[in-house]
Amino acid sequence: MSEIVIIGAGPAGIRAAQTLAAHGVKPVLLDEAGRGGGQIYRQQPANFTRNAKILYGFEAAKAQALHTTLSNLQEQIDYRPDTLVWNAEQQVLDTLHQGQRAGRLNYSRVIVASGATDRVLPVPGWTLPGVYTLGAAQIALKFQGCAIGEKVVLAGSGPLLYLVAYQYAKAGARVSAVLDTSPFSAQVRALPGLLRQPATFAKGLYYRTWLPLKGIPVHQGVKLLEIQGHQRASGIRWLQAGREQQLPCDAVALAHALRSETQLADLLGCQFAWNPLNRAWLPVRDPQGRSSVPQVYLAGDGAGILGADGAEMTGELAALALLQDLGKQVDGARRDQLLKRLANLQRFRHGLEQAFPFPEYWAAEAADELVVCRCEQITAGEVRDAVRAGHWEINRVKAMCRVGMGRCQGRVCGAAAAEIIACESGRPIEQIGRLRGQAPVKLLPFGLEISS
Amino acid sequence: MKPLDYDAIVVGGGIVGSSAALFLARGGQRVALLERDFCGSHSSGVNYGGVRRQGRPLSQLPLSMRAHVIWSQLREWIGIDGEYTRSGHLKLARSDADFASLQAYARRTADFDLQLQLLDRAALRERFPWVGDIAVGASYCPEDGHANPRLVSPAFAQAARRHGAEVVEQCAVQAVEHDGQRFTVHASNGQLYRAPWLLNCAGAWSARLAERFGEAVPLSAAHPAMLVTEPLPLFMTASTGVEGGGIYARQVARGNCILGGGRGFALTPTTARPGQAAVLEILRNATELYPALTGAQAIRTWSGTEGYLPDDEPVIGPSHTQLGLLHGFGFAGAGFQIGPAAGEALAQCILDGGPAHSLAAFCISRFQQPPHQKENLS
């Protein structure tokens, strides 16, 4: 039997499931996590008792609404937690349940809402214990109620930087500093775009102004030099306005915005195109989320970074597209309203990119000794050597020097490797190709059980 | 456009075409090597990486023994060691009948210097304690081993380039003509390449060029399934295979184990993927053969597009219909070790007027039916 399947139970996946259920379609909702909500609205373990306001702050209402939606849907959908989709082929998904039991699921149509992870631009010392991504620092707090350290520095760029700082400080963790690589002038220039979403903008501004008021130093326009330490992170060094500064700390959270998780769309055969805004290859989709493959729909941050609100919209839109393609009657006015709101959000997203510009100098300045690929311990110099030997296509460079060949399969180092290759080869980044998706999407154990 | 003139044009930058180009360039010939994709990026670069003579049919052993010498001089030929290691190759028997056929193989190949050692159950346990109890015996070939194909195969093309060959990547052959003296190749880069010799080393895609000159061959493509584990403590001291087929495995110095077994499927004419069933079979069954893999994790799977002829023997040598045309393809998943010697033999056809080892067993004419039979069929 073929099912209608949604991969991912974050804001996009849950709204898609809700929309399908409302039209009498019972989808299978596959969730890699044990409880729905995705990363942004990740739920704490069932026996934890912190309230939503503490967990999600300003977003508590949205998080609760989404969780409630999912629990109210239990009868109308087939929700399968702890289920990783590790491979996808035409009409069939390969799954791994609780890390142990392999299964197959035939689909007639599938909505891929695979989410995002942090984009990491390595700095010396980034592989030391005590260094996390911003997303991981946030998850530690939301899921387990833990801070990543007692003197935490948050570094990089992107809206998450200020949000995590605010959440940490609110939760009573000590934030020693926020180091933002984007200059204040960029944020001023971005104002017109950002004002497209006044509410979201106001929240961002609130976090940004709240921090110094609480005595948390915010440094903008910094260039990160090094995370210091031997056995673990013990300090951070940076350059600001030509002056070198440093600060002791015991943990650093580092990221430069988010990157879409696109391996499943790739394995499903979707066409990709270079997306300058995301500075990444993304699966091609129409305004409602139809991919280039007739039965495959794309939603949420996995199809392009737009944030949690955008994910709810694209999830619902993809479900409406799927329903239309099934020949079901859908509310055209609702669809058009979503499309309009989405267009507004896209302009806001452009503003964000202006406010938190990608540090284009990074690749040229990365030292040869800097480890780019931590799984395989491949340095920037080794990547450059492969380029100097005549290779410029990223999969070829991978074959030559192992960058992206380890446990993470390039999910962590791929973006940084691409920057180095482009810079060293003198080619525009969109011309060096993209890392091919290869199953398994995440690790597969030997000796697994096979569901009949 | 004015054609570029060469002594020989090689079509296909896999290990066979690249080594042919290398040997020709070293022999003073002006060579153009045309590769549709990147050199060594298909079967030659994504295969298992076995460098073994053991298990090959007798017909291949003379060439394979010559390849064994080339491999021993790898750095001199291509400038890198390519992670080549003579770990030994251990062929496991899961039944007494399988062990008997390993014994028979050892007798049949006694004239070649393979130095095969037959190990009964006790000897196998003692020498290779990491092999699972499912094996009842084995045949060990101490000087066989393994290497990293994604480094070695492109390095043959690089070496050819260093010796003066014109290596053109991302350049597909669109049409080929012969004017009675020379071939003219129309390439996708808009260039015309002209030479009296043309080498068809296009792997799984070689049939078209052969057919163009009236030598249709029943070449089919298949897609071995491969996977690699995260780095593990070193335990697998030899490259292994199983008599009668099944899972084969080796461990690289970094600790990753590479396992193959079963087949994948074609995604497009030039790309392939291992099937889910093949991957699960390996994950489920490998621990019987290699118990140390219990609890390990696979991090990546892949496949490639390899050419097979019905008798699983390659075609190597001159065309029977077109003077100046040489073939080297159809290595049936076992071309990595023998590839450099096959390339050298093709180069010898040009440089020396004929190969140093007989290529009779690999003649393309074995697939050509006499004309009257053809008529009967039509």
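In this predicted model, the centres of domain 1 of chain A and domain 2 of chain A, taken over C-alpha atoms, are separated by 28 Å, the domain bounds coming from an automatic or database domain assignment. Residues are numbered from 1 along each chain as its sequence is written, while chains are lettered from A and ligands numbered from 1 in the order in which they are written. Local features need pLDDT of at least 70 and side-chain atom pairs count only at pLDDT 80 or more, whereas totals for chains, interfaces and linings use all residues.

**Domains of chain A**
- Chain A is divided into domain 1 (3–117 + 259–328), domain 2 (120–256) and domain 3 (362–431).

**Fold of chain A**
- Chain A has 15 helices and 23 strands, which are DSSP runs (H or I, at least four residues, for helices; E, at least two, for strands) numbered from the N terminus.
- Of the 452 residues in chain A, 51% are buried, that is, they have 20 or more other C-beta atoms within 10 Å of their own, with C-beta atoms placed from the backbone.
- Among contacts in chain A between residues at least 6 apart in sequence, 68% join residues at least 24 apart.

**Contact between chains A and B**
- Chain A and chain B contribute 21 residues each to the contact.
- On the side of chain A that touches chain B, at least two residues come from each of β4 (83–89), β6 (101–112), α14 (394–401) and β22 (444–445), and the residues of that side comprise 10 nonpolar, five polar and six charged.
- Strand β22(A) runs antiparallel to strand β20 (residues 297–302) of chain B, and two bridges join them, which meets the requirement of at least two DSSP bridges for a pair.
- A:Pro445 has B:Gln297 as its bridge partner in β20(B).

**Confidence**
- The model scores ipTM 0.91 and pTM 0.94.
- Chain B averages a pLDDT of 96, and 98% of the residues score at least 70; pLDDT is the predictor's confidence in each residue, from 0 to 100.
- Over residues 374–378 of chain B, pLDDT stays under 50, and the model has one contact beyond four places in sequence for them.
- Where pLDDT is low, the predicted coordinates should not be read in detail.

Notes:
Contact = placed C-beta atoms within 7 Å. Nonpolar A, V, L, I, M, F, W, Y, C, P; charged D, E, K, R; others polar. Buried ≥ 20, exposed ≤ 12 C-beta atoms within 10 Å, placed from the backbone.
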